[in-house]
Amino acid sequence: MDKDVIVKLHKNFEDFVHSEGDVEFWYARDLQKLLGYTKWQNFQLILDKAKLSCESANGTIIHHFADVSKMIDTGKGAKREIRDTKLTRYACYLIAQNGDPRKEEIAFAQSYFAVQTRKQELVEERIKIIERLNVRSQLSKSEKQLSQNLYERGVDDVGFAIIRSEGDKALFGGYTTKEMKQRLHVPENKPLADHLPTVTITAKNLATEITNFNVVDKNIRGQTAITDEHVLNNSDVRDLLIRRGIVPENLPAEEDVKKLERKVKTQDKKLSGKSDGF
């Protein structure tokens with residue numbers, strides 16, 4: 001997510017925060033707009049899902065979702081009463097978790113409400129972590145699908161390992177998977193992808209997705225033919241990166257994905273356990 005977008009969204013969310021004693025809260029109708037939902041009816045569906053999530057986590061709904069009435073102007077001095085809900089930070093987090101992750105506002109909110117501080121830089125850091133975890137998860141799914149496609153075409157686990165290794169060699173300018181681990185100081189028993197930066201994981205996933213598509217669409221069979229296909233796709237992706245000034249094998253290693261997963265889970269548990277209610 002672009003840093004300028006994060007700055008803008010952070011300011012928007014800060015502008016609508018209220019406080020009641022020591023409790024920060026947001027109004028549901030404000031949050032609806034902040035999260036990019038134009039219709040209240042659609043947002044209510046997300047609100048109901050969040051309440052169920054709260055209950056499933058052994059939370060008390062009324063402590064985090066407080067129904068209220070508000071008077072609003074309808075024009076020419078007239079007013080009418082509408083229903084609204086005061087939401088704790090935890091309630092807002094649950095709403096974000098049940099929203100559409102493809103929306104930038106939702107992706108931002110998931111991190112904004114999870115971090116037990118309103119510092120923009122920490123929100124930005126968590127968003128980057130979530131993005132990296134998401135692309136790593138997608139790569140795992142793509143590789144699992146590739147393994148299945150190969151199995152259906154008579155290629156065993158050893159063949160799959162060879163094909164994947166040859167793909168890495170093409171992506172990293174001739175460096176094998178083992179050599180890249182040594183280059184990045186990745187333990188031998190750890191997956192290389194767990195230590196790669198987001199852009200490289202995305203590149204590996206793109207090449208793997210193309211291989212999956214062509215293997216099925218063109219009914220490619222045999223270890224040699226599929227290896228050639230996977231090498232070609234990784235080479236093409238590498239060429240794209242190089243043209244944009246990115247040399248995959250020269251990028252530094254990043255923190256182990258498994259550690260980041262534990263960090264995110266710990267933050268989420270702290271939010272659930274320490275979030276004060278009304």
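Asp84 is buried, with a relative accessible area of 1%, where buried means under 20% relative accessible area, calculated with a 1.4 Å probe on protein chains only. The model is predicted, so local features need pLDDT of at least 70 and side-chain atom pairs count only at pLDDT 80 or more, while totals for chains, interfaces and linings use all residues. Residues are numbered from 1 along each chain as its sequence is written, and side-chain values use heavy atoms, without hydrogens and water.

Asp84 belongs to strand S4, residues 78-88; strands are DSSP runs (E) of at least two residues and helices are runs (H or I) of at least four, numbered from the N terminus. Beyond its neighbours within four places in sequence, Asp84 contacts Tyr27, Ala28, Arg29, Ala66, Asp67, Val68 and Lys70, contact meaning heavy atoms within 4.5 Å. For Val68, 16 residues away along the chain, the C-alpha separation from Asp84 is 5.3 Å. A polar atom of the Asp84 side chain lies 3.2 Å from the backbone nitrogen of Ala28.

Elsewhere there are pockets. A pocket is an open set of points on a 1 Å grid over the protein atoms alone, where a 1.4 Å probe fits, with protein on both sides within 12 Å along at least five of seven lines; lining residues have an atom within 4 Å of a point. The largest pocket has a volume of about 260 Å³. Helix H6 (104-114) and helix H7 (120-151) each supply at least two of its lining residues.

The second largest pocket has a volume of about 220 Å³. Helix H8 gives the most to its lining, with four residues.

Key. Buried < 20%, exposed > 50% of the residue type's maximum accessible area, 1.4 Å probe, protein only. Polar contact = N/O pair within 3.5 Å; in protein donor to acceptor, adjacent residues only side chain to side chain. Points joined across faces, edges and corners; volume = space filled by probe spheres on them.
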